[in-house]
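Me: I would like to learn how to read the features of a structure model, one at a time. Could you take me through them slowly?

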Amino acid sequence: MDNWDHSISLVKYVYANSILDGENKECQVFLQFIRFVNQMLLFSSTEKLKAVGANVAGGSMIESICNIERGVEGLESFLQEVGLPFKLLEKDMGEGTAIYCKMGDREVLFHLLMSSGTRALVFLYLWYMQKEDFSFIFIDEFDAFYHTDLSIAVIKKLIEENIQVVFTSHNTDIISNELLRPDCYFLLNENTIQPFCNLTDKSLREAHNLQKMYRAGAFYEQ
């Protein structure tokens, strides 16, 4: 360990500088952990669209979607499922591919019509289409540009998938037993993170209004 460069994690150092026996149970667990971490993804749509982690590459978001098989068709379905009835089509522009939106008899470049919320949704779709490649997804401020109904629709869409997803929000209107269990809501406060179920002495039931309890201060450390 004398040669460990503290600018990298200890785990990466051990992985890069060890001969690991694949038959050893401890080594198997360690290698599984490495694979899990290497398939993690963090992305955010606030201010600038950015992503860190597995399969992150540069390039145009629109072109990346066009490069996915049936990507534009899937984007149209995805947006319609969350309440945005765009009619989209893909066009080869010679120097690249573009997505157009049909508006009556007209066809308009889709990126010219995208609001901040729609842009955030398209960015989410890009990673959603690659979900099988990820072990864990963290979405920071996932609904910064969404109204509440859209936030709820997106949550329902995400929890349909067999993948671990964590997302942050300041919108208390999405705190509901109808969406997630109390042990799936976490409060970040003063450098701590704890589930709602650990922050109250009450026995939480499905009929409880979690949002009202939160606003009344029920979920703070005892």
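Me: How much space lies in the largest cavity?

Reply: Some ground rules come before the number: this is a predicted model, in which local features need pLDDT of at least 70 and side-chain atom pairs count only at pLDDT 80 or more, whereas totals for chains, interfaces and linings use all residues. Residues are numbered from 1 along each chain as its sequence is written, and side-chain values use heavy atoms, with hydrogens and water left out. On a 1 Å grid over the protein atoms alone, a cavity is a set of points where a 1.4 Å probe fits but cannot get out, a pocket is an open set with protein on both sides within 12 Å along at least five of seven lines, and lining residues have an atom within 4 Å of a point. Grid points are joined across faces, edges and corners, and a volume is the space filled by probe spheres set on the points. Here the largest cavity holds about 80 Å³ of space, and the count of cavities of 30 Å³ or more comes to two.

Me: Which residues line the largest cavity, and how do they divide by class?

Reply: For the classes, Ala, Val, Leu, Ile, Met, Phe, Trp, Tyr, Cys and Pro count as nonpolar, Asp, Glu, Lys and Arg as charged, and the others, Gly among them, as polar. The lining consists of Phe43, Leu124, Trp127, Tyr128, Lys131, Ile137, Ile139, Leu158, Glu161, Ile163 and Val165, which gives nine nonpolar, no polar and two charged residues. Helices (H or I, at least four residues) and strands (E, at least two) are DSSP runs numbered from the N terminus, and in those terms helix H6 (116-128) gives the most to this lining, with three residues.

Me: What lines the second largest cavity?

Reply: That cavity, with about 40 Å³ of space, is lined by Phe43, Ser45, Ala120, Leu124, Ile139, Phe142 and Tyr146. By class, its lining has six nonpolar residues, one polar and no charged.

Me: What is the volume of the largest pocket, and which residues lie nearest its centre?

Reply: The largest pocket has a volume of about 860 Å³. Its lining has 27 residues, and Phe167, Thr168, Cys184, Tyr185 and Phe186 are those that lie nearest the centre. Two or more lining residues come from each of helix H7 (148-159), strand E7 (164-167) and strand E8 (186-189), with E7 giving the most, namely four. The lining divides into 20 nonpolar, six polar and one charged.

Me: How should I read the packing of H6 and H7, and at what angle do they pack?

Reply: Two packed helices are described by the angle between their axes and the distance between the axes. The axes are lines fitted to C-alpha atoms, for helices over the stretch in contact, and angles run from 0 to 180 degrees between N-to-C directions. H6 and H7 pack at an angle of about 0 degrees, with their axes 13 Å apart. Angles under 35 degrees count as roughly parallel, over 145 as roughly antiparallel, 65 to 115 as roughly perpendicular and the rest as oblique, and H6 and H7 are therefore roughly parallel to each other. Where contact means heavy atoms within 4.5 Å, Leu121, Leu124 and Tyr128 in H6 meet Leu150, Val154, Lys157 and Leu158 in H7. This contact has six nonpolar, no polar and one charged residues.

Me: Which residues of H4 are buried?

Reply: Buried means under 20% relative accessible area, exposed over 50%, and partly exposed in between (1.4 Å probe, protein chains only). In H4 the buried residues are Gly71, Val72, Gly74, Leu75, Glu76, Phe78 and Leu79, and they pack against several elements, including H6 and H7. An α-helix has 3.6 residues a turn, so residues three or four places apart point the same way.

Me: Where is arginine 70 found, and is it buried or exposed?

Reply: Arginine 70 is found in the loop between helix H3 (61-66) and helix H4 (71-81), and its relative accessibility is 57%, so arginine 70 counts as exposed. Its phi is near 55 degrees, a positive value in a residue other than glycine. Glutamate 141, which is not a glycine either, has a positive phi of about 50 degrees.
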